Structures are given as C-alpha cells and as structure tokens.
Amino acid sequence: MSHMKQIEEKWQKKWETARVFEADPDPKRKKMLVTFPYPYMNGPLHVGHTFTATRVDVYARFKRMQGYNVLWPWAWHWTGQPLLGASERVAKGDETYIRVLREVDGVPEEELEKFVDPLYMAQYYTNEGRKIAKRIGFSVDWRREFTTVMPTYQRFITWQYLNLHEKGYVTQGTHPVVWCPKDKSPTGDHDRQVGEGVTPEEYTLIKYKLDEETFLPAATFRPETIFGVTNMWINPDAEYVEAVVNGEKWIVSQEAAEKLKEQEHTVEVKRAFKGRELIGKNFTNPVTGNQFPILPGWFVDPKTATGVVYSVPAHAPYDWLALKDLQEKPDILGEFGVDAAMVKAIKPISLITVDGYGEFPALEIVKEMGIRDQNDPRADEATKALYKKEFHGGVLKENCGVYSGKTVRQAKDVLIADFKRQGYVDGMYDLPESVVCRCMTPCIVKVLSDQWFLNYSNAEWKAKAKEVVAQMQIYPETARQYFLTVIDWLKEWACARTTGFGTPLPWGKGWIVETLSDSTIYMAFYTINKHIREYGIEPEALTREVFDYVFYGKGETTTVCQASDIPADILEAMRNEFLYWYPFDLRVSAKELVPNHLSFCIFHHAALFSPEHWPRAIGVNGMLMIEGKQMHKSKGNFVTMKNAVDKYGADATRCALLLGAEGMDDPDWRGDNAADIRGKLEALRKLALDIIDKTKSKETGHMENWLLSKMQQRVGEVTRNLEELKTRSSLETALFEVWNDFRWYTRRKGETEAEAVQEALEVWLRLLAPFAPHLCEELWSAAGKESFISLAEWPKIDEGKLDVLAEEREILLTDLIEDTLNVLRATKISPKRVCYYTASGWKWNVYRSILEKAVQGEVKLNEVMKELAKDNSLRQNMKAVASFVPKVLKTLSKLPNERRVRLANLEIADEKEFIESALGFLEERLNAKVAVYGEDDQSRFDPKKRAPLAIPGQPAIYIE
RNA sequence: GCAGAGGUCGCCGAGCCAGGUCAAAGGCGUAGGCUUCAGGAGCCUAUCUCGUAGGAGUUCGUGGGUUCGAAUCCCACCCUCUGCACCA
C-alpha cells in the first residue's frame, strides 16, 4: 500500500520535472484539447468530480499515446453566491456547518478561522484541489490555471458580454423570483428553511366587475372556465382591501395587496374591511355581461393569490362542495341576508366534455371519492385529478363562444391572450406552497424589472445551436436527443444578479454576470492564459481589441499592440496559440449539466464563434452514487477525492470509479470494490514483475502465437471503446479480459518464460496505462524501458500476429473440456480413463462442403443429401452420411457467421495431433488417463462404439 | 406535471440500436479444492432447475402483440434515477 504510494509520488515527480503534460503548439502534430468544467470552490473535490475528470484524463492519456499533442487545462470556479454564504456561516459560528468543514472537508483548525474571508476559503480549497488533482495523476498543463475572479479573466468575460450584447443576444425584461422581503434578495433553494424546489406559479386574474368602477380580480389557473361561472366566493372572515391598482379600483385580500406591490403593480390601499361586507352583492361577467351573486366560501384562503375566487361548480370540486353546503344548510345564509331560494336555484353550468365523465364532472368525482365537504383534505386531490383530466382530454362545449370545439389545451393560451387584449384579465404570481428564508422570513414572489437575460428563446439562436450539435460527436449518442430538446425549451435566462462574486456587467451598473453565464466559452481563455501568466500581462492591457485580434483575427497587429502595450510577438503567439488549439475536442460532465452549462456552452459558441471553432465533442456521464445512495454532506456519506486517494491509492481509485458505469448510467462508489481493485493492481504488479524477471526463451510455438493473436484482438477492443469514451468497457477488457488471456496461457504452458509473453505484457501495460498510469510507468521502467509509458506509442493491431488457427484450436480444446465436464456432471462418474475419437477424413470433406454453403446462406438438408449422393466415394457410406449431415447442420447453425467464415478459410485436419499435444494438460485438468484415436483407427479402444459420433471440431467421447 | 435515461440469473453490470451465435460476457460475493509456517494473496472448480453421455426445462420490470423464432421489435401499464432556472 505505502509501496504503491511511493510509486505514485515517484512518477508524479518525474512527470512534473520532465514537463510531460505541458503542451505547446506544434504544427507537425495533430492537436487535442480536452476539458473538464471547472469545479466550484466552496468545498473540496469529491469522488463525483473524480469520476468525470478521470474519464477526461483517460481520454487525454489515450490520445497522447496515439501521438496527439494533447492539452488538458484546468481552472477554478469562484463566481457566485455560495462562497459568500459559506463564509458567512463560519463568521456567524454556525456549529453544524463548521463541524462539516472540520470532519468532512478535513479543514485544519488554524485554517478554519480564516474562512471568515470567502476569498481565503476559496484559495484554500483551490490549493487543496490542485494538490489532490496532481496526486491522482491527472495529466494537466498547470501553466494555464486561473480562477474566475482574476481581473484578467474578468476582462475576458467583459469582452464576451460586450459581444453578446452587441449581437442582440442579451435582452432586458421582467422576471418573477422567490424573494425574501427582509434580505431584499432572491431566495434560492439553498437559502431556504422551508420550501425547497418551490417555484412561482402564474395565476390569471379575471377582472369581474362589482360596479362600474370596481373590479373583483378572481385568481385562476383555468380561465377557460369563465363560461361556467355561477357565483363568486369570498371568505367572510378574511380581511380585504379596496385599493387603486394601476389606476383601477380593485378589491383583493390584504395579503394580495402587499404581494402585488412587488409585482410591477402600483398599489394604493384606500380602506380595509371584512369579506362579509361583499356577501350578497352581485357582480358582472365581463365577457358575457351576465350577473351572478357573491357567496360566503370559507375554503377561500386570503393568502393565496388575490383571495377572490369565482365558482364553477360543474368542473371544480371545491366550488361544488361549497355550493352544496350552502344549499343543504340554508340557515348559514341568513346571517348574510342572502336569499336561500336564490342559492338553491343555482345550477352548475357545464362547459367541458371529457371522456369518462358526464355533464358535471365535479359532482361525479366528489361522489366517487366520497368527499363530504369543503374542509375534506381530499377535495384538493379531486381538484388536481379533474384538472389534469380536463386539461389533457377536455373539449370546450358550444357555450364557450369562439373557443367552442377546441380542446382545453389548445384554447387556453389563445384565450388568455385574447382576454388580455380586451382588458378582461391581469396576471399575478404566487407560491403554491409556503417558502421560508433561512432568516425565518416568509418569502413572496417578486417580479424583478430591468433584469438582464440571455435570450435563449431567440429562434435563430436556437437554430444555430442545433447546428452546433449536429456537427458534434456526443458520447453516448443517446444524449443527442436530450441536447436537442433542451435547446428547444430553454427560455430567457437571467444572466446577471446583484450579489456574489463575479464580473460586473459591462453596461449595467450594480449587476454581476451570474455564475452559469460566465463559464460558457472560457475554454478559449486557456489557450492564452499561458502567455498572460508568463509575461505578466496586466488586465488593463486586455482590451476588447486584443481579444478581437486573438479570437477573431480583427485589426492590424501594430495598431492593437500600440493600444494595448502588448509586444507584437506575444500578441502573435497568443493568436497562434488560439488558432492551434481551438476549438476544444472534448468536454465531459455529468448529465445534470446538460440542461444548463453544456447547453449554454453550445449556445455561446454558436453566438460568438464561427463554425470552425465550434465544439467537436461532448461526453456526458451519470451521477456518482455512494454505496448505492446519493452523496450528500448532510447524509454523512460524502467522499472526497483526498479520502479516496489516501485510502486506496490513485490508480485503484481511478479504476474503481471507471468500472462503476459508463454512458448515462449512475456509477456507484463502493469502498469494498476500491479495496479489491487495489489488491488486483498489487497482484498485477507481482505477475508482471515475475514475467519480467524470468530468463527468456526464444520459444514461439502454438501458445505464443495464440497469446499474441489474442492481444491483437484486445488492442482492437480497447481502442474502439476508448474512441467512444466507453471507459468502463475499455478498462474491463484491458484489465480483466487480458488478465484471463494470460491465465489461460500460463495454465496451458505451466510457465511464462517465452519472449512472446514479455511482448504481450508490454502491450498489456500500454493498454492499461491511461487507467493506472503510475503502476504502468513503474512496470514499464522495470521492463527496461527508458522513456515514459505516458508517451509510449499506443499499440496498433498487427495483422501479421493474428493467428486464427491457434485461436480455433484453443476453442476446440475448451469446448472439448466443457463437453467432457458436462458428461461427468450428468453421469456423476469420477473418470479413470477418457477417450476421444476424432472424425474421419470423409466427414471432414462433407463438413467442409457444407460449411462453404453455410457461409453463402441457408443450407437445405435435402439439397445437401442429393448432392452428396452423387459423390462416388461416399456411396458405400450413405447410411452414415445420412445421420451425420443433420448433426453438422445443427452445430453450424449455432455458430455466428463470422466464425463460420473463419472456419471455412482454415485447414484444420490434424485434430488428433493437436489433442495429443495437449494430452498432459487434459490429464491434469480431468484427473484421468486421456487417449485420442482417429475414428477409423482399427486398434482404438472403444468398448461402447462411440467413435462414429465424432464430428469435425467435436470429437466423440468415451469415459469410464 | 414536463423532459431525458433506465429496470437483465445474490450484488454491480455487458447484451438490446442492426431479432436466431443467449442460461445470457466480465467483476464482486458465496461454496469446495490446491498452495502457504500463519495471515493475506494467488491458482483451480462450481454457482437458475433437472439430468447415469456432451441434453432438457423455466428465466431478462408486468401484461399483451408482431415473427418460424424476442432479453432484443411494437403497444399498454408499473417502478427507479436525473433536470426543471437565478442555483452551482
């Protein structure tokens, strides 16, 4: 274990000294820029980062060995709010949080106290992150590192946003957010005490008229039901206000008046009163002009929307229940002076036809579910169920004016737009559930005005983004559809906010570019940050003209130099460096970033770069699980990269992670697995050293040919899989399948002294090098190699070493053993003697002719028989032929065509000699005396006359 | 709710796109054996059921369908994971 650690440190030092991962432009070599989304630095790197980044590293190392000039840069994300929040919690002395930092993140006491400075905290995690990224062996060019709060980076973001703005991709508008009135800031999920995941919902307010100048804005999600209104509900005990809202006189609940103030409505409250004051009055439907009464409804919650609700008893369970209550208990009405007979006379008005229900769905569902009254909690359930049903399957009836005959789904948006135009409706946001801020203040919805958006709704932009996707490789291919649908439904994205770290919006005072919006094209910044750091280029020198020159080739070198003070040769070098490396060839992340970061990256490249600089490939993978569960600091199952590397070592951690999953499946980190892999690698080391230490024999017989042939296949499999970023499959082959090949060779030969074994080992080590680079460097060097395996040539398939005959012979042998064991299992014999009988010559002839036909296509039994009957040499044998041919057909039908072709092209006539050569092995394996005879051998031992059962490739068996 | 990905023999996971080569790779676990001073590790064998001759039967979320033939194609249903916005 500590031995492995030594090996790891040793090679990391050597790599660093030799600068093997520092990549500079080299026009003679093909380039490869691979990237990993920079991690956010409010905590340590964890095994989830490690999984994704290891996939990048494996690909980088693979491509480097294939001769590509590979650049893998790294940076750190500091932009945003959480760092500030985290540091505040430390400053406030939040014990639970501090314990997490201490115990989970492993922060030492003396550092912890300095975390009151958020930048110090970020720097601490960045330093720790860099250390551990090196310790796990990532092949990063660290010269290009940066953080997102560096002034030079901010100059780059400034350039990006000036361009986006100029090109019309940034727009201004309003946007609803969950808002804490005390903090006066948006309350994100992480800032909430209650109500995680709750988002604002938009209500339509239908402005029913109370009198000529007063409106009752009733809130609804179903404005189409206006055609079925029968009355209004007001909570008689709730507090309402009369207010001038946007110049009109409105009546809403007191709470609603406060909310509306935050939603771009001017609100001037004139007077407050109890709801009961309204009961018994009439109101007018603005669309139809019909009049209806206002009735008492205690289910009406003044805290929800306007606290004014209109009643559609035919389709809304609550409305029906409330109406039924009043009709059944008319004495309640006396208190309000409402005529009970009038209420009794109210009939539901049906306006939607829907399958499975009759005239009045609300009545039916209430009855069906046995709901008693408006206080029954299941009324809510019934409402949702019916809404869903009617929204998806409902059709508006003839009493719905111009909307008649349309489905609810079709009519809804049109109807809202129409009503808006005609001035019947307004809108309002509210929260479906209560949300409480960390500061314990209940949140409301605020509509932010003057908010800046990236206008992802822009159809042209969407089309261009899809072009980017079309020319990209996506691993796995199944993720392509995901990207396309995300591009379709992405809408305006608020790209600026007022708090947190980040780059100021170049034109908007007080706004900062939001964290997901400042990380979309920064891969281009890596190409020039090398020069910025090396020559100490000042942020002020990074003018818009400089970036235009470097990224777009705009402007004259001399002019740009004079204006910026950057020497011409450096400026040229930056331009060349960008042109050499860009675009990036691969970016890998977990699937959670598809709907945001990765898609933004695509959009911004579409907007800012020409097609030759569009991304070449994106890889997506699953989310890492810990022992089958989601990883959470709070759940106590958080595993950092450092934890894993300390405990299992770099190579084992890398391999254990990659063996977890590929594609979009979620990999699972299990400590036991990692420990097991660690043991495996240790065993591999012993095996390899053992092979290397052996004195070499020149032997190049059947088994040597077999092993080398097998290796060629493995090279093909691993290479093919790695090209598609199938890291799991490729490692599985490179580690386990190859190992099994070596085991089989060792069993068959009993030793590993041939030179060919060392040759195969050297192929093996190179196949494994991207996955377990430290161990492979060590063994490569032990094998006498002077140079790094990290820079060794990736194995290519050597056609000359393919030996199909050798492979087929070993298949014959394993099949034979398998058949023998099967017989032994069935008969429960402990064998003393095993006899094999190989097929006679005429069988081989018949077999070959059938095989040739089988390769062409389907073989008909009767046709074969007819043809064989013409053959004079078979005449006397026709009886045996007749029983033999069907067996051959059956055997061949079980083979894949690939193997039929192989067999057809082979000359395996010496079965008997081959089995004889393996007699020793068979005897040991079966623990019995083994003999081989030809089927026609007169002197054969065959008491049960089994020899005639022999088929080519499947000798007959006799056991006693 | 909408969208994306999935449900395979104790566990993890291939196979499914291009139907027959599938009782279904590989790893782990478990059992037995060998090796070893011991510990570990390594190696070998077995691991759906049945079977006195290399065979048969029942399986791939559930229920249907297409086909000579389905883990693989089609339909419906159930379940799991991920994302849904100002938050990285």
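Which residues line the second largest cavity?

## The second largest cavity

In this predicted model, the second largest cavity is lined by Met4, Glu8, Tyr648, Gly649, Asp651, Ala652, Arg678 and Leu681. Its volume comes to about 40 Å³, and the count of cavities of 30 Å³ or more is 2.

Three helices, namely helix 1 (2-18), helix 23 (650-658) and helix 24 (671-693), each contribute at least two residues to the lining of the second largest cavity.

Four strands are arranged as an open sheet in the order 4-3-19-21, with antiparallel pairing. The edges are formed by strand 4 (185-186) and strand 21 (493-494), each of which pairs on one side only. In general, the strands of a sheet pair through backbone hydrogen bonds, in either the parallel or the antiparallel sense.

Strand 19, which covers residues 444-454, pairs with strand 21 in the antiparallel sense over 2 bridges. Within this part of the sheet, leucine 454 stands opposite tryptophan 493 of strand 21.

## The surface near RNA strand B

RNA strand B is surrounded by 58 residues, and the closest of these are Tyr40, His175, Trp493, Gln630 and Pro896. Of the atoms of RNA strand B that come within 4 Å of the protein, 67% belong to sugar and phosphate.

Several elements each supply at least two residues of the surface near RNA strand B, among them helix 13 (378-393), helix 16 (479-489), strand 21, helix 21 (594-608), helix 29 (804-827) and strand 31 (956-959). Helix 24, which contributes to the lining of the second largest cavity, is also one of the elements that supply at least two residues here. The largest share, 8 residues, comes from helix 26, which spans residues 727-749. By class, the surface near RNA strand B has 19 nonpolar, 19 polar and 20 charged residues.

## Polar contacts with RNA strand B

Both bases and phosphate take part in the contacts described here. A polar side-chain atom of lysine 491 lies 2.9 Å from a base nitrogen of RNA strand B, whereas an N or O atom in the side chain of arginine 747 is 3.1 Å from a phosphate oxygen. At isoleucine 957, a backbone N or O atom is placed 3.4 Å from a base nitrogen of RNA strand B.

Key: Residues are numbered from 1 along each chain as its sequence is written. Chains are lettered from A and ligands numbered from 1 in the order in which they are written. This is a predicted model: local features need pLDDT of at least 70, side-chain atom pairs count only at pLDDT 80 or more; totals for chains, interfaces and linings use all residues. Side-chain values use heavy atoms; hydrogens and water are left out. Two strands pair if DSSP finds at least two bridges between them. On a 1 Å grid over the protein atoms alone, a cavity is a set of points where a 1.4 Å probe fits but cannot get out, and a pocket is an open set with protein on both sides within 12 Å along at least five of seven lines; lining residues have an atom within 4 Å of a point. Grid points are joined across faces, edges and corners, and a volume is the space filled by probe spheres set on the points. A residue is near a molecule or strand if one of its heavy atoms lies within 4 Å of it. A polar contact is a pair of N or O atoms within 3.5 Å; within protein, one must be able to donate a hydrogen and the other to accept it, and residues adjacent in sequence count only if both atoms are side-chain atoms. Ala, Val, Leu, Ile, Met, Phe, Trp, Tyr, Cys and Pro count as nonpolar, Asp, Glu, Lys and Arg as charged, and the others, Gly among them, as polar.
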